[in-house]
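Trainee: I am new to this structure and would like a close look at a single part. Please take me through it step by step.

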Amino acid sequence: MKQSRAMSLIEAIANVFVGYGVAVLTQILIFPTFGLHTTLAQNLKMGAIFTVVSIARSFALRRVFEAIRVRAKKPPPMTGGGSVRRRLPYRRDFSGTAVRDQSSIR
């Protein structure tokens, strides 16, 4: 089933907002271990910036992979400029009866 662009965007936003909470919590816990001391407001602002970037990245990647999936399902284009003629094992003679074509059997 093909996913619409709107559903791709909704999925990306939901995914990122769940990640936003994890990111802010991680920043609060990890930054002090590296000597970075930020306020909650600073952590929320940084998280918001990363959220916007992440939504754009997730959406773009989803559309690229959707295009790859759709392209992979398309049949290859016809080559040779027309229909393919092949010999059939039977042919009709002018009398209308089926005659076995011995030259086409291999």
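Predicted model: local features only at pLDDT ≥ 70, side-chain atom pairs only at ≥ 80, totals over all residues.

Mentor: Thr 51 lies in helix H2, which covers residues 40-73.

Start with the helix as a whole. H2 has 34 residues. From its first C-alpha to its last, H2 reaches 48 Å. That is close to the 50 Å expected at 1.5 Å a residue.

Now go to Thr 51 itself. Its relative accessibility is 7%. Buried means under 20%, so Thr 51 counts as buried. Which residues does Thr 51 touch, leaving aside those up to four places away in sequence? They are Val 16, Phe 17 and Tyr 20.

Take the distance: the axes of H1 and H2 come within 8 Å. Take the angle: they cross at roughly 150 degrees. Angles over 145 degrees count as roughly antiparallel, so H1 is roughly antiparallel to H2. The crossing of H1 and H2 is right-handed.

Next, look at the charged side chains. The structure holds 2 salt bridges.

One joins the side chains of Glu 11 and Arg 62, at 2.6 Å from N to O. This pair links distant parts of the chain. Glu 11 is in helix H1, residues 5-30, and Arg 62 is in helix H2. They are 51 residues apart. Glu 11 is partly exposed, with a relative accessible area of 36%. Arg 62 is partly exposed too, with 31%.

The other salt bridge is between the side chains of Glu 66 and Arg 69, at 2.8 Å from N to O. Both residues lie in helix H2. They are 3 residues apart, about one turn of the helix. Are these two partners buried or partly exposed? Glu 66 is buried, with a relative accessible area of 7%. Arg 69 is partly exposed, with 28%.

Technical notes:
Residues numbered from 1 in each chain as written. Heavy atoms only, no water. Helix = DSSP H or I, 4+ residues; strand = E, 2+ residues; numbered from the N terminus. Buried < 20%, exposed > 50% of the residue type's maximum accessible area, 1.4 Å probe, protein only. Contact = heavy atoms within 4.5 Å. Salt bridge = Lys/Arg side-chain N within 4 Å of Asp/Glu carboxyl O. Expected span 1.5 Å × (residues − 1). Axes fitted to C-alpha atoms, helices over the stretch in contact; angles between N-to-C directions. Parallel < 35°, antiparallel > 145°, perpendicular 65-115°, else oblique. Left-handed = near helix turned anticlockwise from the far one by under 90°.
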